Amino acid sequence: MNQDALALLHGRFGLDDRSLVATLDTALERTVDHAELFFEFGTQDAVSLEEGIVKSGDRHLQQGVGVRAVAGERQGYAHSDEVTLESLKLAAATARAISEGAGRTRAVAIAGPGRPARDLYPVALAPTDVAIERKTALLSDIDVHARRLDPRVQQVMASVVCQHRCVLVAASDGTLVADQQPLVRLNVQVVAGDGARREVGYQGMGGRFELARLLDPQAWQPLVAEAVRVATLNLGAQECPAGTLDVVLGPGWPGVLLHEAVGHGLEGDFNRKRTSAFHDRLGQRVAAPGVTVIDDGTLPERRGSLNVDDEGTPTQRTVLIEDGILRGYLQDRLNARLMGVPPTGNGRRESYHHLPMPRMTNTFMLAGPDEPADILRGVSHGLYAVSFGGGQVDITSGKFVFTANEAYRIENGRVGAPVKGATLIGNGPDVLTRVVRIGNDLALDRGVGTCGKDGQSVPVGVGLPTLRVNGLTVGGTAS
Amino acid sequence: VSGADAGDVVERALSAAVRAGADAADALLVDSDELEARVRDRDVEFVKRSRERRLGIRALVRGARGLRSAVTSTSDLSPAAVDRLAADTAALARATAEDPAAGLPEQPYAADAPDLALFDPADRDVDVEARIDAARRAETAARAADARIENSEGSQVDSSFAQVHYGDTRGFRGRYAAASHGLSSEPVARANGSMQRDHWQTRARRLRDLESAEAVGRRAALRAVRRLGGRRVATCQVPVLFDPVTAPSLLGHLVACVSGQSVYRGTSFLASRMGDTIASERVTVIDDGRRPGGLGSRPFDGEGQPTRRTAVVTRGRLASWLLDAYSARKLGTATTGNAARGPGGAPAAAPTNLWLEPGEATLDELIVSTGRGLLVTELIGMGFNPVTGDYSRGAAGLWIEGGEIAHPVEEITIAGNLGRMLLDIDAVGSDLVWLSRVASPSLRIANLTVAGA
């Protein structure tokens, strides 16, 4: 449950509101637009299984503070794993050196509200406080279950990763807020073998909720079955075709298409700097009619959700593309200020080691009118891609890739033979203009997404209804 | 913490782990400070400074059939916190399974302390303004290199110094200092409605070994400009050249398949191929943890084992895995001193400085001898499956026609199977350059599927 920020700060570090004001005052001894303290402490633990036994457990404790001074487009940042008034003032003096202006900025009054207005992920028991034996027992059960499902299962690798992160932001504009962020994740990877051939299947799930939910066999058994199904299915997969094809994407995790094709290109920093293929395109058509893309950090319990972002701004639902027209960018405070728009609660950072940047939360496309079965029936020759690994984008050229790990040929409206994984490549600014059918079956992913940008990783979510996109380049080897 | 204090923290962690019931333990303390700055156009975008100390503890607790193990880490180095963490580590270990292969290494520990030129004392008090000035010069050079460079993601510098202390309950104690300095530039070119970025970087243990800022900016700019006007090509099968920026990724995939953990797990398509011919005779791959000034050099590995030179592939024949103590035991052999270890994790096998031995031809000569094909200058995506060797990635580069560069290419994929690709390497260039710890000269694969229009 979220505590009041000041109570938390005092309990953890023995600091009070006067220390915050004194540190911000130090940062403000030069001309700066914004000064901010970002405190973080938390625990992450993980247990993992392979070869039938839980081989390792690990537990990591993290605490520290980052002090930032912003002057115009410049940012000074200093962070320390020591959280004392002396180290804070030293960091503040380092951060403010970025400013060339000698004038003192203004006095600071820390106002609050102290805790977020809502709690999207209340937990009675932090996942990192659950007894380790419950986690190791789950992994052993998963191993037994997977091997029982199919004799071709040769190797099971599974892990449970739990995190409990507390962040506290105090800033010169009066911001003071603390948020406690639980995060759990279960990963299951299966290697199946048949003769000389081996294939792998992966499934994972998680979110910001109590670990108890993952411990429920009704949650993890279907997940294990999926991993086994994909691994054994791929044992019979043929070469994937090469060339330009009409592609039907399944619902859920294939939403990674949106994350790569448009999401990154709509982050405020790239558009302020005009390095994104989408800059200056607000109000223009970037997708087919019917395509509406949302970034929403307020979905309860989702992996990509936050009560407040890492600058203390409440998260929100942001319409990026509405009925095919580009409507908005994702903003942190710096880029919002420089572009003259409100922040959107997308200022995120991996940890106190890092400067915040505009980042996605949960990014998805709204459902359309079409029956998924009808969408498939309409394709005479194409690819049906159901599950994906990761993706990547070059935001300047707009070219993006994502890699299918469960896919089938479509021939004359029928789903045919499974094909091996392959990378699909497209052009972000026009791929959504080639969407011709949108399913009525929007689904969000199972809670496994991690997004990397400029060396920083943050948890994210994606979602998609069944979607037909014409003319994507499919990187297989068969003609 | 001073060196002596850091040693005390390691001693304290080890004795607290033993007191808490650990039968064996090791501890690693990394104390680092870092500077990072970026200049974009004429302005400083950010300056970032940090000091970080992190202690990692591994505790091993004996059971009837083997050791149970756990790893923990913290940045709180107060005596009470270290004692508490060591006790937690032993308790956590008791919750894991007994594993006959777990344990500290049996082989002789590193006994020497070679000077690997991992830092220059003259760089110790790094001048922030001088580093920012280097970024500024790279940025200016990039923008001046061509009129079509009219924007950028900036030019960036970083410097870090780290002290590494390691000890274990078998009595090994080791420490070393290392630095890393980097400079990179990422300009954006624009013409006729097309916009392209690219980058170039230099990284070294000593500031004086960095490529000049002007050269970094210029090379980055030329790479970006030559991508302008890129187009797709028709789906085809052609010879594919990789330049020294993209070729190391192929070695990275090979590394994933020869690292001990993927071999004993059976998640490598090479797991049963030791001693076999797995690549063309032009392919010799070396790992050497003691290359002077190497970005992956260190006197001992994450388990106190001496680093060394290991031939991984010799003229096409698979000659050695890369191993830590655990994967070596699983495979019934000895560690190769390749245990990589940070405070936040257990040791795992990884390359130190790994490279493909260069051949004779320049990249220009390779382009001529290719006749018609593709030169790959950028790869995106993660389309490699180590279990099967299947390979499929997004690519951009330059089309080769009549032995000359014809036009830039983009929005294509290249696909094949790494097992076949290694055998199909029919040319290796002379242009080995160390952009990171894994390096390769240009190389050519005789035949790959290019998917495009």
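**Two chains and their local features**

Trainee: How many residue pairs are in polar contact between chain A and chain B, both at pLDDT 80 or more?
Mentor: This is a predicted model, in which local features need pLDDT of at least 70 and side-chain atom pairs count only at pLDDT 80 or more, whereas totals for chains, interfaces and linings use all residues. Residues are numbered from 1 along each chain as its sequence is written, chains are lettered from A and ligands numbered from 1 in the order in which they are written, and side-chain values use heavy atoms, with hydrogens and water left out. A polar contact is a pair of N or O atoms within 3.5 Å; within protein, one must be able to donate a hydrogen and the other to accept it, and residues adjacent in sequence count only if both atoms are side-chain atoms. Between chain A and chain B, the count by this criterion is 43 residue pairs.

Trainee: Which strand of chain A gives the most to the side that touches chain B?
Mentor: Strands (E, at least two residues) and helices (H or I, at least four) are DSSP runs numbered from the N terminus. Eleven residues on the side of chain A that touches chain B come from the leading contributor, strand E2 (residues 53-71).

Trainee: How do the residues on the side of chain A that touches chain B divide into nonpolar, polar and charged?
Mentor: Ala, Val, Leu, Ile, Met, Phe, Trp, Tyr, Cys and Pro count as nonpolar, Asp, Glu, Lys and Arg as charged, and the others, Gly among them, as polar. The division is 21 nonpolar, 32 polar and 19 charged.

Trainee: What area is buried between chain A and chain B?
Mentor: Contact means heavy atoms within 4.5 Å, and 72 residues of chain A are in contact with 72 residues of chain B. Within chain A, A:Asp81, A:Arg198 and A:Lys273 supply 11% of the area buried against chain B, more than any other three residues. Buried area is the accessible area (1.4 Å probe) that two parts lose on being put together, summed over both. Carbon and sulfur atoms give 48% of the total, which is about 5600 Å².

Trainee: Which residue of chain B meets A:Asp394 in a salt bridge?
Mentor: A salt bridge is a side-chain nitrogen of Lys or Arg within 4 Å of a carboxyl oxygen of Asp or Glu, and eleven are counted between chain A and chain B. At 2.8 Å, N to O, the side chain of A:Asp394 meets that of B:Arg197.

Trainee: Which residue in E3(B) is the bridge partner of A:Asp58?
Mentor: Two strands pair if DSSP finds at least two bridges between them. E2(A) and strand E3 (residues 66-74) of chain B run parallel and are joined by five bridges. Within E3(B), the partner of A:Asp58 is B:Val71.

Trainee: Which strands of chain B stand at the edges of the sheet?
Mentor: The open sheet has five strands with mixed pairing, in the order E11-E10-E9-E14-E19. Two of these strands have a single partner strand each, so one side of each is left without a neighbour: E11 (317-318) and E19 (438-439).

Trainee: Is A:Thr466 buried or exposed?
Mentor: A:Thr466 is found in the loop between strand E22 (456-464) and strand E23 (467-475) of chain A, and its side chain is joined to that of A:Asp441 by a polar contact of 2.6 Å. Buried means under 20% relative accessible area, exposed over 50%, and partly exposed in between (1.4 Å probe, protein chains only). Because its relative accessible area is 2%, A:Thr466 is buried.

Trainee: Is A:Asp454 buried or exposed?
Mentor: A:Asp454 lies in the loop between strand E21 (449-453) and E22 of chain A. Its phi is near 50°, a positive value in a residue other than glycine. Because its relative accessibility is 52%, A:Asp454 counts as exposed.

Trainee: Which residue takes a positive phi in the hairpin of E5(B) and E6(B)?
Mentor: Strand E5 (residues 173-191) of chain B runs antiparallel to E6(B), joined by four bridges, and B:Arg190 stands opposite B:Met195. From strand E6 (residues 194-197), B:Ser194 and B:Gln196 point one way and B:Met195 and B:Arg197 the other, and all are buried. Two residues lie between the strands of the hairpin, and the positive phi, near 50°, belongs to B:Asn192.
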